[in-house]
Amino acid sequence: MFKNYLKIALRNIKKYKGYSFINMAGLAVGMACCILLFLWVQDELSYDRFHENADEIYRVISEIHTADKITHNARTPNPLGPVVKEKYPEVIDFIRYQGFVGWLVQAGDKSFINDNLGTADPSFFEMFTFPFLKGDPKTALSERYSIVISENMAKKYFGHEDPMGKIIRIGKDFKVTGVIRNIPENSHLHFDCIIPIINMEYHWETDLKDWEDIRFYTYIQLHKKSSPEDVSEKISGIIKEHLPKSPTKVYLQPLTDVHLRSDFEADLDNYNQGSMAYVFIFTMTALGILLIACINFMNLSTARSANRAKEVGMRKIAGAQRMDIIKQFLGESILLAFIALIFALLLVELLLPLLNGLSGKHLDLDFSGNIQLLLGLIAIALLTGLFSGSYPSLFLSSYQPVNIMKKDFSSRASGSLRKILVVFQFALTIILLIGTMVIYSQLNYIQNRDLGFDKDHVLEFWTAHADYEALKNELLKNPNILSIANSETPGREPWGATGLDWDGKIAGEEIRFYSTMADPDYLETLNLEMVEGRFFSKEFPTDVTQAVVVNEAAVRAMGMESPVGKRLRFREWEVTIIGVIKDFHQTSLHNPIEPLVFRHSYDFPHVLAKISSKNVPETLVFLEKTWKKFVKHYPFTYEFLDEKIDNFYKTERTIGKVFQYFTSVAILIACLGLFGLASFMTERRTKEIGIRKVLGAKVSGIILLLSREFTKWILIANIIAWPVAYLVANEWLQNFAYRINIGLEIFIFSAALALVIAILTVSYQAIKAAIANPVDSLRYE
Amino acid sequence: MIKLVDITKYYSSGYVKTFALRDINLEVKEGEFMTVMGPSGAGKSTLLYILGMLDTPSSGEYHFFDQKVHRLSEKQLSELHKNHIGFVFQSYHLIDDLTVYENLETPLLYKKVKGAERKSKVAEMLDRFQVVAKKDLFPNQLSGGQQQKVAVARAVITNPKLILADEPTGNLNTKEGQEIMELFKELNEEGTTIIQVTHSEKNASYGRRIVNLLDGWIVD
Ligand SMILES: Nc1ncnc2c1ncn2[C@@H]1O[C@H](COP(=O)(O)OP(=O)(O)O)[C@@H](O)[C@H]1O
Ligand SMILES: [Mg+2]
């Protein structure tokens, strides 16, 4: 029986090559999208699960409660971990961790500054599972000057020599006590080498006992049965005890949530941060595209069913039960789905480099190591086959042989459902279309929004401990270097603080503010404006220690009437406000403009340089040459401010691209379906068209007649798609503090585009039918 | 074998009822060769479909051996049909995408006949109907007479007790038609009950009994 079905199925594929191609191409493309997304989602969800204790590890996140909002910060006070472990038995262990790049690492005659350096408490490798190739995870970090390096780093510095016991110099000499396997990409912690945290007291001038020093991420491992809520409650209590004035509580983030559910300040080392929302959106999109492809399949199979009706009748007369017919046609669509799967896999192989390029991942189709993938694929094909075959098979199996034999058979019964399917399909496509347009408009808006400062031709680099004044004077000798400021740059991740005290502050009222280092040249370098008072000036040497400038947002947050001359106090400093700077976007447009407090920089290791738009390459060469005169060990690296700011929207840009691809695919599949359906419907109306032409209808009139129905469907699809698209897009836009309003023009444009595409697709068939000689179609009647 | 009591069949479209059969009372004995005749639209096909359990009467009783066919479910009907009845149509109705061999095999597959037995049965039929050389051809590669031979072979391959033939020679030339009628005669002599619809007096003469239909009534 199976062979009989198989033969029929294959012969049908061969006989109706066009339909089969449309059917399978649509399915294959839909499946390929689904598989690509599956790989991506699987990877996103796999982050940090390779640790044996993954389910017991939590990251401690600070929750800072200020007047109008809660801010989350990924770091916690330095001494928190040890105290928590000592006090509460349910806390098995704690780890403080921080990572750095750009430190000079030397071994023998080799030196690099591009290694990721991690630092952590000595029991790091007991809590986290990073397999050792050499050395003992339990003791590797117990000596102060020990260092554990990765396989890659061992190769880079020592070649084929045994690295164990070798010396690596990072400010001081460290002895290699372990080599770990390279860290998998699906780890949020990423380092090439790691040293004990105690060294940070020297290397980073941090005090591990100071509650006000907040520099490390704290991880704790809890006993299986303990409740993270209770523990976080207790930890909040400890913070209150040691920092009575701080409005900080904590929340315990499961380790496996770190990659996808982190949106915190100062979470700088969170490698390749992902987002649950995008995982969700993409899963939905993939399923949507597969659904569109399945609908195509159903539609075309059903449309074609007239051709199979006779077979069904004959089989029933030969003794087939309804169930036999259902099985046959389901089997047939499952077969098609599996054939499509093979093409889909080829497509995936072809497209994986593209996805990897977009996502920065190294995904591959590896079945041996990925049972989930194999099962997933089989499930995708099976479900696609079952789902897309369900309607045609139920429909076909319901034919009564008498009706077919009596030749009064018509397939009109399925017409309305088919229309609903096409409408639904186009609605999904239009949602994607609108989504893509909203993403692009928002990105465009971001690109063109006036940030309040001049970001063009400004570059930043670090001084590498050089004598700043001398370097500056040397650089300014070049007329193309317009101005130089010793300051932080706008466009860095926000990292706020509480505990600011000001004249007229109501007790207990806290604001979160952001402090920035700047010198007198800052204003000119970035072309900023003052609204009140003055900026720092060389004429007032006391500015270095006694003055601050605030932005308008800070004035509003503190509720000051005339800020200039008012006093501010924070920890050890007490200063006077000398001026108010006009608000500008110091961070990405995801965030609102926060209260900023500018302090006068003093020997700050960062430089901002505004250069002329003329002769940029020459200026850069000059910069490097001059810099090299002052700096020995380090290579010269710089970053343009506009590129840096652009990088804030990297994720969105990627998403935009991915959506663009998806939308094109969806449109393509939907059009394939429409094309097939249109050819079918015009075929069925050939006689009607013939008669109309004989009666004197014009070609244009007939095209109109045939296109009108499709036009109606597309319009209905638009009306269904609009509210859904609006809600989803609006939700996405909430990620931005500064966002576009979704204008009517986007909807109208998408409707017009869908309509044009659909009409072009349909009109090919319509024109073909309309210009055909009526005699041909009528002769056989 | 067959007993029809007051069988009526009508089709309703809107408020209008079209009667295809009215108060048909008919008895057919096992081993009979009966011919149904009458003008176009008289209800001949309808009668045959009802006898073949492919259609159900609007009212009346249908007894097939000891079974009350009018009381059976669709599934039971199709079970009964597949075990006892073979059908032959004017326009052959072979499955276009299957070869002669596979077309013959299909009823056996639905009866879940085992592989070896199936092969020998099909071979026997191919031989008997002299289409061995055509076994790998598709229906549209055969002449009408050959197609109808295959259709008859397909109808008898399951050894049905009853063969129903609706104008089996209508699309054939005289010689081909005669061949088919000879086949029916042979089958009838072997004990198969045959009911055929035909317009040709000559074909009717193969049967031993003629029933005339007019406007859904049996007339004498
Ligand atoms: N599905 C149907 N719907 C409505 N009327 C039908 C249907 N099938 C048959 N009829 C009517 O029933 C009558 C008998 O038809 P049929 O049995 O096919 O006649 P015959 O085979 O004798 O030419 C005719 O008037 C025909 O129009
Ligand atoms: Mg008839």
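Me: A residue is near a molecule if one of its heavy atoms lies within 4 Å of it. The model here is predicted. Why is the site of ligand 1 called shared between chains?

Reply: Residues from chains A and B surround ligand 1. The site is therefore shared between the chains.

Me: Which of the twelve residues around ligand 1 come nearest?

Reply: They are B:Gly41, B:Gly43, B:Lys44, B:Ser45 and B:Thr46. Helix H1 (residues 44-51) of chain B gives the largest share of the shell, three residues. By type, the shell holds four nonpolar, five polar and three charged residues.

Me: What makes the pair between B:Ser45 and ligand 1 a polar contact?

Reply: The cut-off is 3.5 Å between N or O atoms. A polar side-chain atom of B:Ser45 lies 2.7 Å from an oxygen atom of ligand 1. That distance is within the cut-off, so the pair counts as a polar contact.

Me: How far from an oxygen atom of ligand 1 are the backbone atoms of B:Lys44 and B:Ala42?

Reply: For B:Lys44, a backbone N or O atom lies 2.8 Å away from a ligand oxygen. For B:Ala42, the distance is 3.2 Å. Both values are within 3.5 Å, so both pairs pass the test.

Me: How much of ligand 1 does the protein bury?

Reply: Ligand 1 exposes 560 Å² when taken alone. The protein buries 69% of that area.

Me: Now the cysteines. How do you know whether A:Cys193 is buried or exposed?

Reply: Buried means under 20% relative accessible area. A:Cys193 has 0%. The value is under the cut-off, so A:Cys193 is buried.

Me: How do you know that A:Cys671 is in no disulfide?

Reply: A disulfide needs two cysteine sulfur atoms within 2.5 Å. The nearest cysteine sulfur to A:Cys671 is that of A:Cys33, and it is 15 Å away. That is beyond the cut-off, so no disulfide is counted there. Over all chains, the count is zero.

Me: And why does A:Cys671 count as buried?

Reply: Its relative accessibility is 12%. That is under 20%, so A:Cys671 counts as buried.

Me: On to strands. What makes strand S12 (residues 217-222) of chain A mostly covered?

Reply: Six of its six residues are buried. On one side sit A:Tyr217, A:Tyr219 and A:Gln221. On the other sit A:Thr218, A:Ile220 and A:Leu222. Both faces of S12(A) are covered.

Me: Why do side chains of a regular strand fall on two sides?

Reply: They alternate between the two faces of the sheet.

Me: How do you know that strand S1 (residues 57-66) of chain A pairs with S12(A)?

Reply: Pairing takes at least two bridges. S1(A) and S12(A) have four, so they pair. They run antiparallel. A:Ile57 has A:Gln221 as its bridge partner.

Me: How many bridges join strand S3 (residues 91-100) of chain A to S12(A)?

Reply: Six, and these strands run antiparallel. Here A:Val91 partners A:Leu222.

Me: Which way does strand S10 (residues 172-180) of chain A run against strand S8 (residues 146-150) of chain A: parallel or antiparallel?

Reply: S8(A) and S10(A) run parallel, with five bridges. In S10(A), A:Gly178 is the partner of A:Val148. Strand S7 (residues 132-135) of chain A runs antiparallel to S10(A), with three bridges. There A:Gly135 partners A:Gly178.

Me: How many residues lie between strand S9 and S10(A) in their hairpin?

Reply: One residue lies between S9(A) and S10(A). In the turn, A:Gly171 has a positive phi of about 75°. Four bridges join S9(A), residues 167-170, to S10(A) in the antiparallel sense.

Conventions
Residues are numbered from 1 along each chain as its sequence is written. Chains are lettered from A and ligands numbered from 1 in the order in which they are written. This is a predicted model: local features need pLDDT of at least 70, side-chain atom pairs count only at pLDDT 80 or more; totals for chains, interfaces and linings use all residues. Side-chain values use heavy atoms; hydrogens and water are left out. A polar contact is a pair of N or O atoms within 3.5 Å; within protein, one must be able to donate a hydrogen and the other to accept it, and residues adjacent in sequence count only if both atoms are side-chain atoms. Accessible areas come from the Shrake-Rupley method with a 1.4 Å probe; for residues, only the protein chains shown count as cover. Helices (H or I, at least four residues) and strands (E, at least two) are DSSP runs, numbered from the N terminus. Ala, Val, Leu, Ile, Met, Phe, Trp, Tyr, Cys and Pro count as nonpolar, Asp, Glu, Lys and Arg as charged, and the others, Gly among them, as polar. Buried means under 20% relative accessible area, exposed over 50%, partly exposed in between (1.4 Å probe, protein chains only).
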